[in-house]
Amino acid sequence: MIDEEKDGLNAEETADEYTETSETEKASEKENISEDGEKPEEDPAAALEAKIKALEESAAADKDKYLRLLAEYDNFRKRSVKERFDASADATAKAALEVISVIDNFERAMAAECSDESYKKGVEMIYGQFTEVIKRLGVEEIEALGKEFDPNLHNAVSQVEDESFGENTVSQVYQKGYKLGDKVIRCAMVVVANP
């Protein structure tokens, strides 16, 4: 008997749900029916056109995102290569600067008077080895004597009036200057004639 009551309640609930659903369907059908009483048909071509347009917009957005990402990666790669090259050049310049100070001392030693020719020849050979080392590193001496004074390459420590040199010309070099590629490692210490 309890089961029968449950079945009766379930049947009533189902009937109520059916009534609500069918009323909703009827209302939506009434909205879709035009004034002449005919149901408007959806245009499949228009629906496809809209879908194609949406897909094309999505593809264009994806392509734009891809191109931006590709350009960003290319810039990152170039920047990384430049940073590695700059770091390598800085390390080479620091090492070369230490060797250059040794070369300066060898030049002073060779300029000093020495009675032992074999000793002097040994010093010259070592000097030659050091100069070869910095040449292999890509370090070049900055030519200064007789050249026009350039504040980017030369460090003027004094000025003289000398008719044998032109105007604003380097007349004497106290200390050689060196550069690595376009980067100046050490400016030449010079005397400028006729500034």
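**Note on the predicted model**

1. Confidence in the protein is lowest in helix H1 (residues 2-32), with a mean pLDDT of 49, and highest in strand S4 (residues 177-180), at 93. Here pLDDT is the predictor's confidence in each residue, from 0 to 100. Helices (H or I, at least four residues) and strands (E, at least two) are DSSP runs, numbered from the N terminus. The protein averages 82, and 78% of the residues score at least 70.

2. This is a predicted model, in which local features need pLDDT of at least 70 and side-chain atom pairs count only at pLDDT 80 or more, while totals for chains, interfaces and linings use all residues. Residues are numbered from 1 along each chain as its sequence is written, and side-chain values use heavy atoms, with hydrogens and water left out.

3. Two stretches call for caution. Over residues 17-22 the pLDDT stays under 50, and the model has 0 contacts there beyond four places in sequence; contact means heavy atoms within 4.5 Å. Residues 30-34 also have a pLDDT below 50, but this stretch has 7 contacts in the model beyond near neighbours in sequence.

4. The largest nonpolar core has 14 residues, and those with the most contacts inside it are Ile100, Ile103, Ile134, Val139, Tyr178, Leu180 and Ile185. Such a core is a set of buried Ala, Val, Leu, Ile, Met, Phe, Trp, Tyr and Cys residues joined through side-chain atoms within 4.5 Å. Buried means under 20% relative accessible area, exposed over 50%, and partly exposed in between (1.4 Å probe, protein chains only). Helix H2 (44-111), helix H3 (117-136) and S4 each supply at least two residues of this core, and H2 gives the largest share, 7 residues. A second, separate core of 6 residues includes Ala144, Phe149, Val190 and Val192.

5. An open sheet is formed by 3 strands in the order S1-S4-S5, with antiparallel pairing; two strands pair if DSSP finds at least two bridges between them. Strand S1 (139-142) and S5 stand at the edges with a single partner strand each, so one side of each has no neighbour in the sheet. From one strand to the next the twist averages 35 degrees. S1 and S4 are joined by 4 bridges, and Glu141 has Tyr178 in S4 as its bridge partner. H2 packs on the sheet and touches S1, S4 and S5; its direction makes about 40 degrees with that of S5. Axes are lines fitted to C-alpha atoms, for helices over the stretch in contact, and angles run from 0 to 180 degrees between N-to-C directions.

6. Arg186 is in strand S5 (residues 183-186) and counts as buried, at 14% relative accessibility. Its side chain makes a polar contact with the side chain of Asp104 (2.6 Å). A polar contact is a pair of N or O atoms within 3.5 Å; within protein, one must be able to donate a hydrogen and the other to accept it, and residues adjacent in sequence count only if both atoms are side-chain atoms. A polar atom of the Arg186 side chain also lies 2.8 Å from the backbone oxygen of Lys176.

7. Ala188 is in strand S6 (residues 188-193) and is buried, at 0% relative accessibility. Ala188 and Ala144 are 44 residues apart in sequence but 7.1 Å apart in space, C-alpha to C-alpha.
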